[in-house]
Amino acid sequence: MRYQITSDSTCDLSPELLQRYNIRLLPLYVNMDGKTLRDGVDVRPDDIYAHVSAGGGLPKTAAVNLADYVRMFTELSAQNDFVIHICISLDFSCCYQNACAAAQEYANVFVVDSENLSTGQGLLVVAAAKLAEQGLSGAEIAERVRALAPKVEASFLIERLDYMRKGGRCSAVAALGANLLHLKPCIEVRNGKMAVCKKYRGSFEKCIRQYVKERLDGREDIAPELTFITHAAADANVVAAAKEEAAQYGSFETVEETQAGCTVSCHCGPNTLGILFVRK
């Protein structure tokens, strides 16, 4: 059976994983300096950090448009028995709405709302690829991935709030207070939406160790196959600390490190790190 698993660029899977599972991505757009750029193609997170550090305004992200989806689905539906496309959460972007509108013309294209972002979405993309390898039909895969979406546990710890302040997601007073008190907010995805679930205090490495331990310690409801440690330009020592805590308090068969793409980078800024996995 011929098939193609596709996703929006927001899934933040590494090039190695994209190649391993033959995943095709459609890039979102990043508006920066009056130019419309493709996420991961024309612009990368380091470009955004350099732009903001130089005094530039915070870039804005925009959804994959209807025409992009139509072009891809037209090509792939003719070449494959089925196509599975997994979108960033409907509550974060209109990608899902655009993809559904484009897929109406093709009976063998199945669009899934991940109810998540970054590798919370990526976990579902990998799951869909593994189900396809087992020989399931497109409809069966879409049904199973939709059922899996609410079981994804995705969260990130943010070191600095200037990007969220620039983006209007927190006030200047709140950002100043957090900096003075060395507070690091933890952002969690709940029911497809982001919310602050806890604030940690201290150095970023200390907070990361506490955060990962609290996410994993004593948990018997976590699926052991795969976890992602996904970060936006985090220091190597911080990433190593997260891996050490995951090894000590988790029992994962595979821990994948990935870099956050432009969407997470625009909203959260550098030195953001999360551990993402699936509950049983």
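**Close-up 1. Surroundings of Ile141 in the predicted model.** In this predicted model, Ile141 touches Phe82, Ile84, Ala128, Leu131, Ala132 and Leu136, when residues up to four places away in sequence are not counted. Ile141 is also, together with Tyr69, Phe73 and Ile84, one of the residues with the most contacts inside the largest nonpolar core, which has 71 residues. Helix α5, which covers residues 118–133, gives the most to this core, contributing eight residues. Apart from this core lies another one, of 20 residues, which includes Cys186, Val212, Ile229 and Ala246. As a general background to such views, nonpolar side chains in soluble globular proteins tend to be buried together.

**Close-up 2. The contact of helix α5 with helix α6.** The axes of α5 and α6, the latter spanning residues 138–148, come within 10 Å and cross at roughly 145 degrees, and α5 passes α6 in a right-handed crossing. On the α5 side the contact is made by Leu124, Ala127, Ala128, Leu131 and Ala132, while α6 brings Ile141, Arg144, Val145 and Leu148. The residues of this contact divide into eight nonpolar, no polar and one charged.

**Close-up 3. The packing of helix α9 with helix α10.** Helix α9 (residues 204–216) packs with helix α10 (residues 236–249) at an angle of about 25 degrees, and their axes lie 9 Å apart. Because angles under 35 degrees count as roughly parallel, α9 is described as roughly parallel to α10. The crossing in which α9 passes α10 is right-handed. From α9, the residues Phe204, Glu205, Ile208, Arg209, Val212, Lys213 and Leu216 meet Asn237, Val238, Ala241, Ala242, Glu244, Glu245, Ala246 and Tyr249 of α10. The residues of this contact divide into nine nonpolar, one polar and five charged.

Close-up 4. Most residues other than glycine have a negative phi. Asp12, however, has a phi near 55 degrees, a positive value in a residue other than glycine, and is found in the loop between β1 (3–8) and α1 (15–20). Asp33 likewise has a positive phi, of about 55 degrees, although it is not a glycine, and lies in the loop between β3 (29–32) and β4 (35–38). As to accessibility, Asp12 is buried, with a relative accessible area of 7%, whereas Asp33 counts as exposed at 62% relative accessibility.

**Close-up 5. Cys268 in helix α11.** Cys268 is found in helix α11, which covers residues 262–268, and is buried, with a relative accessible area of 9%. Leaving aside its neighbours within four places in sequence, Cys268 is in contact with Ile158, Arg160 and Tyr163. The C-alpha atoms of Cys268 and Ile187 are separated by 9.7 Å, and these two residues are 81 residues apart along the chain.

Close-up 6. Ser203 has its place in the loop between β11 (193–201) and α9, and is partly exposed, with a relative accessible area of 44%. A separation of 8.8 Å is found between the C-alpha atoms of Ser203 and Glu159, which are 44 residues apart along the chain.

Note on methods:
Residues are numbered from 1 along each chain as its sequence is written. This is a predicted model: local features need pLDDT of at least 70, side-chain atom pairs count only at pLDDT 80 or more; totals for chains, interfaces and linings use all residues. Side-chain values use heavy atoms; hydrogens and water are left out. A nonpolar core is a set of buried Ala, Val, Leu, Ile, Met, Phe, Trp, Tyr and Cys residues joined through side-chain atoms within 4.5 Å. Buried means under 20% relative accessible area, exposed over 50%, partly exposed in between (1.4 Å probe, protein chains only). Helices (H or I, at least four residues) and strands (E, at least two) are DSSP runs, numbered from the N terminus. Contact means heavy atoms within 4.5 Å. Axes are lines fitted to C-alpha atoms, for helices over the stretch in contact, and angles run from 0 to 180 degrees between N-to-C directions. Angles under 35 degrees count as roughly parallel, over 145 as roughly antiparallel, 65 to 115 as roughly perpendicular and the rest as oblique. A crossing is left-handed if the near helix is turned anticlockwise from the far one by less than a right angle, and right-handed if clockwise. Ala, Val, Leu, Ile, Met, Phe, Trp, Tyr, Cys and Pro count as nonpolar, Asp, Glu, Lys and Arg as charged, and the others, Gly among them, as polar.
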